[in-house]
Amino acid sequence: MSIRRRRSKRAEPRRARPNLQLRRRLLVSTLSGAFIVLSAVVFYRQVVETEFLRTEGERRYLRVGEIAARRGMITDRNGEPLAVSTPVETVWGEPRKLVHQMESIPSLASALGLAPKALQERLLANSDRGFLYLKRRVSFEEAKAVRELIARYRIDGIDFETEYRRFYPGVEVFGHVLGFTDIDDRGQEGIELAYDSWLKSEPGLRRVIRDGRQQIVQEIEQVRAPRQGADLALSLDRRLQFLAYRELKAAVAQNKAVGGTLVALDVATGEILAMVNQPGYNPNAERDGGSHRRRNRAVTDVMEPGSTLKPFVVAAALERGLVKPTTLIATRGGKLKVGRNTVRDVRNHGNLDVTGVITKSSNVGVVRIAQMMSYGDLWGLYDQLGFGHSTNVGVPGESRGVLRHHSTWRVFEHATQAFGYGLSVTALQLAQAYGVLAADGVKRPVSLLKRDRSGPEVAVEGARVLSADVARKVRAMMETVVSEEGTASRAAITGYRVAGKTGTAKKAVGGRYGGGRYQAVFAGFAPAGAPRLVMVVMIDEPKGRAYYGGLVAAPVFQKVMEGALRLFNVPPDDPEPSMLLARREGEQ
């Protein structure tokens with residue numbers, strides 16, 4: 001039994017012992033390799049890819065947003081606001097989120113006043129974008145409706161930002177002068193365009209943290225401070241501008257005219273105190289294609305000034321000692337042959353002295369005076385007055401007018417130039433020229449910006465065009481125009497001496513005069529002894545019963561100038577009311 005047992009034991013195979021040492025080495029090698037790989041990855045991520053990972057992380061919660069800045073305010077000469085920027089809200093969204101919530105888009109479009117189909121198409125066309133303006137500068141009611149909609153339907157991907165919207169309190173009254181801005185607050189017309197670099201603002205930048213719903217959780221830092229636009233003070237007087245606009249609009253309607261223009265200047269400074277046009281437009285409203293309504297006709301449109309130039313012809317002759325106010329001029333018959341053409345007066349006034357030529361607005365008389373001078377003499381004065389040159393007032397689209405060199409004139413053109421045909425000027429140019437007569441012969445630059453002065457008695461420097469004596473003599477002759485014998489009795493103002501000149505010019509259509517189209521003009525100043533204000537009124541194509549400057553434009557001058565003298569506290573210089581005024585008041 002024992003032998004068997006020994007054999008059976010010997011017959012059993014031997015079991016191999018596990019190699020623990022090898023296993024240990026493999027485990028250590030594997031763990032070491034994994035540690036090295038992990039360390040390398042950590043090193044790569046933490047050292048090599050640090051900036052990349054930080055940037056990727058910040059992209060998910062850190063945003064750079066704008067800080068809205070205000071465009072500069074435009075005021076009148078007394079600080080009254082004419083153009084202001086008010087904060088409003090803009091609605092924007094994330095199309096890539098909103099395209100998955102299309103069932104709420106019709107309600108959203110309705111709240112914003114948009115067409116549902118158009119909004120859906122915009123979102124689908126930009127479905128890969130993370131930002132899209134839904135509607136800019138929404139009203140308070142629209143913003144409130146959108147917020148209620150977001151809360152009710154839990155719409156994800158819509159947010160608000162603050163912008164500024166330009167607002168014009170004066171509406172149509174200042175529209176042509178101020179112009180307007182576009183959706184991005186950039187000047188497009190008028191002062192807004194001319195001084196855009198001065199008025200425009202620069203938005204600031206800030207870094208903020210936003211949550212998953214794009215709500216600002218925390219402001220980290222201000223990257224760039226916002227730069228507010230600089231304010232601008234104009235020379236216009238808000239009160240006078242309103243008065244001028246009201247009277248001009250009424251006159252255009254009463255006379256069934258195509259349009260009209262009025263410009264008023266301060267004699268001592270050349271500042272433009274009022275500048276209005278008809279028809280007007282509302283700069284606050286949506287603008288259609290009617291650009292003809294938006295242009296500032298006082299500086300862009302030209303006219304043949306007609307008889308308003310006659311005082312300057314007389315001034316040129318006085319300056320050269322060729323005539324005196326009492327010099328007799330042969331005007332009997334009311335006709336004068338010049339070359340192959342004939343110059344005619346409205347009626348036969350008989351022979352007139354130089355003053356009578358102005359009083360009665362005699363074409364024959366002023367041509368005879370002009371013929372005493374060379375072509376160059378008359379052209380030289382017109383050129384010095386600024387005709388054919390820009391006033392450099394800074395308004396976009398300003399016209400230079402037309403004044404051809406005297407070397408191209410013919411005999412009859414010399415005659416027509418004397419009574420205001422054959423050249424063209426803007427209303428502002430004509431006002432500046434009349435400012436020369438009002439300022440004792442000194443031409444001052446005009447300005448739409450308020451000029452700083454130490455006192456009202458301090459005048460702006462200018463260039464002398466006429467002697468003071470000649471300017472005063474011409475002013476005295478022009479006072480007779482505003483009398484019972486003159487052509488502008490309706491321009492008289494109680495308590496003040498007024499001087500001026502009427503003009504009724506035919507409009508050329510297709511290169512020819514005719515068709516019953518006229519431009520009625522009155523230009524003048526007050527008080528006549530020491531003028532403070534100059535004003536030009538033009539009514540374009542009056543179609544009522546009257547079309548003469550003394551009947552159509554002079555009454556507008558009278559109403560606006562009378563109000564202006566009171567607004568600026570100009571003391572009366574004619575305390576004795578004339579029989580003309582007494583009779584006119586009695587008729588009223």
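User: In this predicted model, is Thr 181 buried or exposed?

Analyst: Thr 181 sits in the loop between helix 8 (175-178) and helix 9 (190-194), and its side chain makes a polar contact with the side chain of Asp 185 at 3.4 Å. A residue counts as buried when its relative accessible area is under 20%. The relative accessible area of Thr 181 is 6%, so Thr 181 is buried.

User: With which side chain does the side chain of Gln 278 make a polar contact?

Analyst: Gln 278 belongs to strand 10 (residues 272-278), and with a relative accessible area of 8% this residue is buried. If neighbours within four places in sequence are left aside, Gln 278 is in contact with several residues, including Leu 248, Val 252, Gly 260 and Arg 297. The polar contact of its side chain, at 3.0 Å, is made with the side chain of Tyr 245.

User: What distance separates the C-alpha atoms of Leu 352 and Thr 331?

Analyst: Leu 352 is part of strand 14 (residues 352-353), and its relative accessibility of 10% means that this residue counts as buried. Apart from neighbours within four places in sequence, the residues in contact with Leu 352 include Thr 327, Ile 329, Thr 331 and Val 357. Although Leu 352 and Thr 331 are 21 residues apart along the chain, their C-alpha atoms are separated by 6.3 Å.

User: Why is Val 47 called partly exposed?

Analyst: Val 47 lies in helix 2 (residues 20-48), and together with Phe 43, Tyr 44 and Val 48 this residue forms a nonpolar patch on the surface, with about 400 Å² of accessible area for the four taken together. The class called partly exposed lies between the buried residues, under 20%, and the exposed residues, over 50%. Val 47 is therefore partly exposed, because its relative accessible area is 48%.

User: Which residue takes a positive phi in the hairpin of strand 2 and strand 3?

Analyst: Strand 2 (residues 74-75) and strand 3 (residues 81-93) pair in the antiparallel sense over two bridges, and in this pairing Thr 75 stands opposite Pro 81. The hairpin has five residues between its strands, and the one with a positive phi, near 85°, is Gly 79.

User: Which residue in strand 4 is the bridge partner of Val 91?

Analyst: Strand 3 also pairs with strand 4 (residues 132-138), in the antiparallel sense and over four bridges. Within strand 4, the bridge partner of Val 91 is Lys 135.

User: What percentage of the contacts with a separation of 6 or more comes from residues 24 or more positions apart?

Analyst: The chain as a whole has 22 helices and 19 strands, and buried residues make up 47% of its 588 residues. Contact here means heavy atoms within 4.5 Å. Among the contacts in the chain with a separation of 6 or more, the part that comes from residues 24 or more positions apart is 73%.

Terms used: Residues are numbered from 1 along each chain as its sequence is written. This is a predicted model: local features need pLDDT of at least 70, side-chain atom pairs count only at pLDDT 80 or more; totals for chains, interfaces and linings use all residues. Side-chain values use heavy atoms; hydrogens and water are left out. Buried means under 20% relative accessible area, exposed over 50%, partly exposed in between (1.4 Å probe, protein chains only). A polar contact is a pair of N or O atoms within 3.5 Å; within protein, one must be able to donate a hydrogen and the other to accept it, and residues adjacent in sequence count only if both atoms are side-chain atoms. Patches are made of residues with over 30% relative accessible area and no salt bridge: like charges are joined within 9 Å, nonpolar side chains (Val, Leu, Ile, Met, Phe, Trp, Tyr) within 5 Å. Accessible areas come from the Shrake-Rupley method with a 1.4 Å probe; for residues, only the protein chains shown count as cover. A salt bridge is a side-chain nitrogen of Lys or Arg within 4 Å of a carboxyl oxygen of Asp or Glu. Two strands pair if DSSP finds at least two bridges between them.
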